[in-house]
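Hi everyone, thanks for coming. I'd like to walk you through one model today, so let's bring it up on the screen.

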Amino acid sequence: EPQAEVLHWWTSGGEAKSVAVLQKEFADNGGTWTDMPVAGGGGDAAMTALRARVLSGNAPTAVQLKGPAIQEWYEEGVLADISAVAEAEGWADVLPASIAGHMKCDGNWCAAPVNVHRVDWIWANAEVLAANGIEMPNSWDEFNAAADKLAAAGITPLAHGGQAWQDATVFEAVALGILGADGFQKAFVDLDMETLKSDGMVAVFDQMRKMRGYVDDNFSGRDWNLATAMVMNGEAGFQIMGDWAKGEFLAAGKVPGDDFLCASVPGDGFLYNVDSFAMFDVKGDDKQAGQALLAELIVGKNFQEVFNLNKGSIPARVDVALDAFDSCAHLSAKDMTDSADNGSLLPSYAHGMALRGAQSGAITDVVTAHFNSDMSSAEAVQMLANAVQNSL
Amino acid sequence: MTDLVINPTQSRPWGKILLRALLFALLGLFALFYLMPLFVMVTTSLKSLEEIRTGSLIAFPREITFEAWRTAWSGACTGIQCEGLRPYFWNSVVLAIPAVLISTVVGALNGYVIAQWRFRGANLIFSLLLFGCFIPFQVVLLPMARMLGLMGLAGTIPGLIFVHVIYGIGFTTLFFRNYYVTIPQELVKAAKVDGAGFFRIFWSIFLPLSLPIIVVTVIWQFTQIWNDFLFGVSFSQAGTQPVTVALNNIVNSTTGVKEYNVDMAAAIIAALPTLLVYVVAGKYFIRGLTAGSVKG
Amino acid sequence: MAPILDIKNLYKNYGPVEILKDINVAIEPGDFLVLVGPSGCGKSTLLNCIAGLEPITDGTIHIGGRDMTHVSPKDRDIAMVFQSYALYPTMSVAKNITFGMKVRGVDAATQERKLQEVAGQLQIEQLLHRRPGQLSGGQRQRVAMGRALVRDPKLFLFDEPLSNLDAKLRVEMRTEIKKLHQNLGATMVYVTHDQIEAMTLATKIVVLKGGIVQQIGSPAEIYNRPANLFVADFMGSPAMNLIPARAKPNGTGTQIEISRDGEAPLVLTDTQAPDLPEDVILGLRPEDIAEAGFRAGESVQKAECLIEMVEPAGADTFVVSHLGGKQVTARLHAETSAQSGKTLPLAFDLSKVSYFAPESGDRLN
Amino acid sequence: MAPILDIKNLYKNYGPVEILKDINVAIEPGDFLVLVGPSGCGKSTLLNCIAGLEPITDGTIHIGGRDMTHVSPKDRDIAMVFQSYALYPTMSVAKNITFGMKVRGVDAATQERKLQEVAGQLQIEQLLHRRPGQLSGGQRQRVAMGRALVRDPKLFLFDEPLSNLDAKLRVEMRTEIKKLHQNLGATMVYVTHDQIEAMTLATKIVVLKGGIVQQIGSPAEIYNRPANLFVADFMGSPAMNLIPARAKPNGTGTQIEISRDGEAPLVLTDTQAPDLPEDVILGLRPEDIAEAGFRAGESVQKAECLIEMVEPAGADTFVVSHLGGKQVTARLHAETSAQSGKTLPLAFDLSKVSYFAPESGDRLN
Amino acid sequence: MTEWLERHIPKMVLAPSFIAILVFVYGFIAWTAWVSLTRSKLLPKYEIKGFIQYDRLFDSPRWDTAMGNLFIFGTLFIVTSMVLGLLLAILLDQKVRTEGVLRTIYLYPMALSMIVTGTAWKWIMNPGLGIENMVRGWGFENFSFDWVINPDRAIYAVVIAGVWQASGFVMALFLAGLRSVDGEIIKAAQVDGIPSYRIYSAIIIPSMAPIFLSAFIVLAHLAIKSFDLVIALTGGGPGYATDLPATYMYAMAFSRGDIGQAASSAMVMMAVVFAIIVPYLYSELRVKKHD
Ligand SMILES: Nc1ncnc2c1ncn2[C@@H]1O[C@H](COP(=O)(O)OP(=O)(O)OP(=O)(O)O)[C@@H](O)[C@H]1O
Ligand SMILES: Nc1ncnc2c1ncn2[C@@H]1O[C@H](COP(=O)(O)OP(=O)(O)OP(=O)(O)O)[C@@H](O)[C@H]1O
Ligand SMILES: [Mg+2]
Ligand SMILES: [Mg+2]
């Protein structure tokens, strides 16, 4: 009897429901699902637990992991090879190459993708924008102008929560806009020192300083969903946040296009954040059978559709019909295909897709330090370069 | 005992009354400061979600509802299971009780040996034990995980008990040792001459004397173990997670609607046993501190 | 008779510190040996060594003819009473007394019988169900004694059993212990630093100082012929007067000259003094200095002395004078007419005198 | 002279419990008043009331002629020395002594001068920089005294200041307090439950029992003419022999008959006895029973007695006999030939006898 | 044989604890020391690479902040808790009839885990929701209490919550201490004419030095281990303004996958602990021999 113990941090609301779908399918196929949720700190607590489990030789079957972390764990020699399933299911044909790349370890499949989140979204309250005669901005200058207008009207221009990862989310969106896809790639994927120290980076921090001015006083420690609620309620104009924010709008019965607007942040490119399950080495036939079944189901069309409808993201496989999805999702899917073609489909650094923990953490430290102080942009760039250097 | 402010023969009653009023005002003010978080938690847990969104935090509920408590106990979702805190609560109970008992007994025996059967090196061992109290627990997580794996206790409740006992011994030994050094050594001598052995002396003479310090130790250990999150999250697996981990799962979800009333109700439920212990045994706690462990 | 306790060449160190040095003591059955000495001289340590509660560094201990040097306390057939009584605080008096028997597996009927016997002897029948905390000092003392008596051991050890009692109770309990000793014919080793206790109880006294035996002897020997200045000063209350003096042999005996502040020196003549060096310390107990009219005899010498203070103490009156730079106390009758600030003729009974060498402190006569 | 301390009709309750009942005491300047009584009789409570540390339930306290009943301790112009010395543990000896002056704002030069004066008087100059924890018991006692002396108060209060010292030191300190009193001419109230202390120090003694005054008088009065059985038994060590007897007036005086176990009763004839009821308790101190050869006089009556126990105690030897169902102690010379188990002719000095009524315990003569 | 057994039972009873501590504390410290010399990332590796992790640590501005915060937090937390605890103990010592209830109120925070109360404090100190909002609601428009969200002040907000939790326990310690002061000393001081406040300040409080030491040790231990408090209240933010060494170490080990770095920070923390605990142990064991 297939068995699977799944470690994840999707513990509430839409996410939990989405996982429940998978569990049900797993059970329908005769498997026993053991749920091991560990919430908190954007997965920090779960990672603590994972490390302990692995070290004690008692790894869970599948773990919510993503990006380079998968490779990192692979290098520790604790991941399983699920190429058999992947080949039987023809994953290579249905997943975009850059996403598939994250799922492979030394050429073997070791993880199964669940979805694709777009990170560089900008969300807006349609009514507020209309009332102030503002269009969705196409450049950062336009954004600044719109924000100033909102501020003058007594509306908080940017809804934001002062948590390090949210600062980083805004930062990478700004960086993508100002540095361009190429520059982003160099800076946050290749960690090219030149780019990190360039004038472009100074400009990025300048813009961040502006963004800080658009945020209300109470932003510190605010959860992102509360920021979303501010946009929803018309207290704020914009929010820069991944597409999970859409789930909040939808949950509140808002309609995309009418009540709220979605657009990619100014600039070209697509920052993706792919959720996936890494498969760990487990002993015992039933556990291995469970692992194979789990992998098969995760990439299966049915789950990809149902899960992403719940979660607000788009399926990782490209052959899922999007009829049931909303307009924002359609836009996302189209942009993904396009940018995959022109090479601007980029991993999100803020969500751990581009860099290993030590480096992305080092960058975030600088970003959040800058955002929460009156450090100059030049200082910030210098610090950024040092921090990255130091973390290598 | 110490009887200072009210010096009975000093008259001037109005001055005295003024002083007393000031005293009570101060005491009351501090009581408010200490009660505020509890007040916020309790009132929030009794409000509906609607009222929380619209009203002020620091206000009495307009309408009291126990719905959030029911949900927190038996309906809240932690991941895909929606059984509330209940199963995890019992995990904590079966975990905390043996861990507290074992670490107390071991601490009592250790303290007894160190204080009353001094041998060369006993003080060194005591120092080593004591230093163990101060080690940051994050440091031991990884090697401990490895050890638990090697011992075959990974992810089990006995494993968690083991961890809590190991890192509790330092404090329990400290408490008992400081208590037992105040007992004259002649007692052991008398019993030795009477023909009693090591365990007999402990059982018949020292244990019956130890109630105050047992109370202090049990309260301390119970609070530590019940409230522990780090070990709980690291060394448990599905089915053995303690209540703090479940609470964290309820309270710390990063996505979805936040049900603050349920969060608060869950927080209070998770804290009830320790609160109860403090309220019921707090008196003995102070008494126990006076009885021995306070000594420098 | 073979000695019941025989300590030979006992040494005891705590780490590098020598606490007891070359102790040799032997006592016969029925003896009452008292160890006296100032605080910290090693009395308790010696007792603990005898009991086996402390290992000894060197030497041997025989009890009842058997070598017990390395035997554990419970097999030495001893019983011990402690200064703090060391009653088990959570047990009733009855349980305190029977605990040792219970541990040794004595059957309940015997326990009960012995308990009643001892309780009767000590008159604590009505206290048997109480806790030690509910007893007065004297009652506790009796219970502690009961715990020892019930064992019927070869040797009783007492570590300052009376020092926690107040003066009046101490006197009563002292008498009781004495009677107990006489009635039981038991052998006892008793530690105290109260020299009156030592004098009244002992058949044999060991005076310890700094872990070294100063003198062993009967109470009378120790009181009348102290072996050195330390013993002289330590035993007896008020203490023996120890007066610096100069000895000058003359025809009939030795002339003893004692300086006085602003007065002519006091000169006494001792006809029986041995050869003395020039500087000596003269020792005379307060009761051997009397009012001139009350003591007579060949060896009694009289002199006028200035009285500094008069201390009536019920049955006696003590007066203090100043001789040889020292305060000298004399014990007079309660009806004395001595007045402070006046002179009084005092009689010095030189038949009781002790002489000591000022440097070594050793006895000279 | 007006009394310096005058306590009138003082009552003190703790809640419903009456601790002190109708206390009336007055003393003159220069008096040394000693409060004695068994533990728990209310001595400390009375002292605390005088000091103002406890409010009183009823009555008045005048100090130096002023009504101080409701005045706070610091304004009563008293100084107090406690049993535990109550030195401020974190201050040096010098600070302990000067702290009170400092708080009162006395200038530094005066503080220093007084400190040196007192330190010289008590010979603690070389201890001034030490902490109390580094002092021996006797030294602490002196410092506590210094703290009181420096105040130069109207009244010194002492609460068992010597009871924490060992026997030898106690005797020394007693003498020192006595000297201090004589030199300063200060007025002192002194609590103890040691009757020897009471006898040697006091100019006036108050015997308390259960919060009620039993007798007030000079040491000699209290010793020689105790007002009741309690005082008779309490004062003096060894205690007064209290022997049940039957009184039969005959021609020349009164015949006192004392029963003896298995022997003919002992009959004494008191020529000066007043009218006595038939059943009396006869009280005679140990020193008033002597060996027949050593005491003579009109009022001395002799009788052979069986000696049960002999207790040599250095200067004296105590022997115990059995009379009237009681143990009777006699104080003999150290050189006595008394042997336990043998009879000895004893002399009873009836000029010193006290008679008490068995029921009320009151003195009859 | 039984003689031997009897003599060695005490040692045998202590042995399991001793071995456990040797392995599970000192063994692990040694392990950490070893790992701190490697380039371990996600999981420990055992190839020694020298002191590179320490170089990185001391180069890291975040670590500087964390150590700086530990100093600020530690000092303020310990001092404030002690002062408040002492004040409360003295106030409670005035024969207050409601002492039992008040004591429980002051003491109960010790029973709660910070995970539980952190949220409540987060709300109370949040300017938009809590006190600031409330006071402004009363009409004081200029009232401001925004410490949690002000990077320069956030660490003080952590201090408030920390003091709230620990001061009750300190109060209990001091109360126990006050209760064991010899009553005669106080009487002596009263007769000596010393006013109440001077009796406390000059006599009672100085004589409680051992209790200050105990309280200091408990508080220092809490300060160094403070982790839940920061995580629950500020998550280390704003930015990393409220990072402490414990959170730094945790972040490195578990979210950054930089175990080598975490180990080196742990070693530095341990050095700090050592510097505090060794003098304490010394005094503790020496004093005991004294009496
Ligand atoms: N466990 C120990 N370790 C080191 N030294 C000790 C120990 N026990 C006692 N001593 C020392 O041994 C000496 C003798 O101590 P002991 O208790 O025998 O004295 P004592 O004569 O009984 O004194 P006291 O009359 O005060 O009871 C003292 O100097 C004491 O400090
Ligand atoms: N605060 C109090 N509340 C109630 N009763 C008290 C209090 N203080 C003392 N007592 C009682 O008052 C009585 C007299 O006590 P006090 O201390 O005056 O006795 P004492 O004569 O000094 O005894 P000791 O010789 O033991 O010092 C005792 O029975 C005691 O129990
Ligand atoms: Mg001793
Ligand atoms: Mg008293």
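**Around the ligand**

The shell around ligand 1 divides into 3 nonpolar, 6 polar and 2 charged residues, where Ala, Val, Leu, Ile, Met, Phe, Trp, Tyr, Cys and Pro count as nonpolar, Asp, Glu, Lys and Arg as charged, and the others, Gly among them, as polar. Please keep in mind that this is a predicted model, with local features needing pLDDT of at least 70, side-chain atom pairs counting only at pLDDT 80 or more, and totals for chains, interfaces and linings using all residues. Residues are numbered from 1 along each chain as its sequence is written, chains are lettered from A and ligands numbered from 1 in the order in which they are written, and side-chain values use heavy atoms, leaving out hydrogens and water.

Helix 1 (residues 43–51) of chain C gives the largest share of that shell, 3 residues; helices here are DSSP runs of H or I, at least four residues, numbered from the N terminus.

Now, the polar contacts, meaning pairs of N or O atoms within 3.5 Å. An oxygen atom of ligand 1 is 2.5 Å from a side-chain N or O atom of Ser44(C). Polar backbone atoms also take part: one of Gly42(C) at 3.0 Å from a ligand oxygen, and one of Lys43(C) at 2.9 Å.

Over to the helices. Helix 2 (residues 44–55) of chain A meets helix 6 (residues 137–151) of chain B, their axes, lines fitted to C-alpha atoms over the stretch in contact, coming within 7 Å and crossing at roughly 35 degrees. By class, this contact has 5 nonpolar, 1 polar and 2 charged residues. Thanks, everyone!

Definitions and conventions: Axes are lines fitted to C-alpha atoms, for helices over the stretch in contact, and angles run from 0 to 180 degrees between N-to-C directions. Helices (H or I, at least four residues) and strands (E, at least two) are DSSP runs, numbered from the N terminus. A polar contact is a pair of N or O atoms within 3.5 Å; within protein, one must be able to donate a hydrogen and the other to accept it, and residues adjacent in sequence count only if both atoms are side-chain atoms.
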